[in-house]
Amino acid sequence: IARLILARAPASRLLPAQVFAAGQPASALAVAAGIDWCVERGARIINLSLGLLEDRAALRESCRAAAARGVLLVASRAARGKPTYPAAYPEVLAVSGDARCAEDEYSSISDENFFGASPQPPAGYPGGGASYAAGRISGLAAAFFADNPAADVPCFLRHLHTIACYHGREQR
């Protein structure tokens, strides 16, 4: 994920917040603490290439507090199935893998904060999916804010809608 972010915004400084412990799923409390830690250190964008199945108050409140401070939260969202958190929160930009998208293409899946990007992994990495797509959008956001330091999150979302190559859900 870091490789995808830095490919789009090489001058970015990453703050790696450890929320996974030795092969265990991340807990909502750990993710909330990671968000808070990043915000305290001045993060402008927080990539959350993960998804939890349950809504939890601590995670919801951390996302709200970060967004209120102008931080862009970018989270993975499955294209189909049950909602995942934090992507399901209205203040979070949800990103799904969209097979229509090439490396530097993006889709506006809905008028809300739901976008798509290529789900392909970087060369030499396995798998594919929404986590990689979220990394691509996070890198795009980092490059956007580097070029437009006075811009805010709504400005970036408008930009993302404007540059989207595809609109609406991917049809199979």
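The side chains of Asp-98 and Ser-107 are joined by a polar contact of 2.7 Å (a pair of N or O atoms within 3.5 Å; within protein, one must be able to donate a hydrogen and the other to accept it, and residues adjacent in sequence count only if both atoms are side-chain atoms). The model is predicted: local features need pLDDT of at least 70, side-chain atom pairs count only at pLDDT 80 or more, and totals for chains, interfaces and linings use all residues. Residues are numbered from 1 along each chain as its sequence is written, and side-chain values use heavy atoms, with hydrogens and water left out.

Asp-98 is located in the loop between strands S3 (93-97) and S4 (106-108); strands (E, at least two residues) are DSSP runs, numbered from the N terminus. The relative accessible area of Asp-98 is 1%, so this residue is buried (under 20% relative accessible area, 1.4 Å probe, protein chains only). Beyond neighbours within four places in sequence, its contacts (heavy atoms within 4.5 Å) include Gly-116, Ala-117 and Glu-170.

In S3, five of five residues are buried. Leu-93, Val-95 and Gly-97 point one way, and Ala-94 and Ser-96 the other. S3 is joined to the parallel strand S2 (residues 72-76) by three bridges, with Ala-75 opposite Ala-94. S3 also pairs (at least two DSSP bridges) in the parallel sense with S5 (residues 114-117) over four bridges, where Gly-97 stands opposite Ala-117.

The count of disulfides (cysteine sulfur atoms within 2.5 Å) is zero. For Cys-38, the nearest cysteine sulfur, that of Cys-63, is 12 Å away. The sulfur of Cys-101 is 6.8 Å from that of Cys-165, the closest, and therefore too far for a bond.

Terms used:
Buried < 20%, exposed > 50% of the residue type's maximum accessible area, 1.4 Å probe, protein only.
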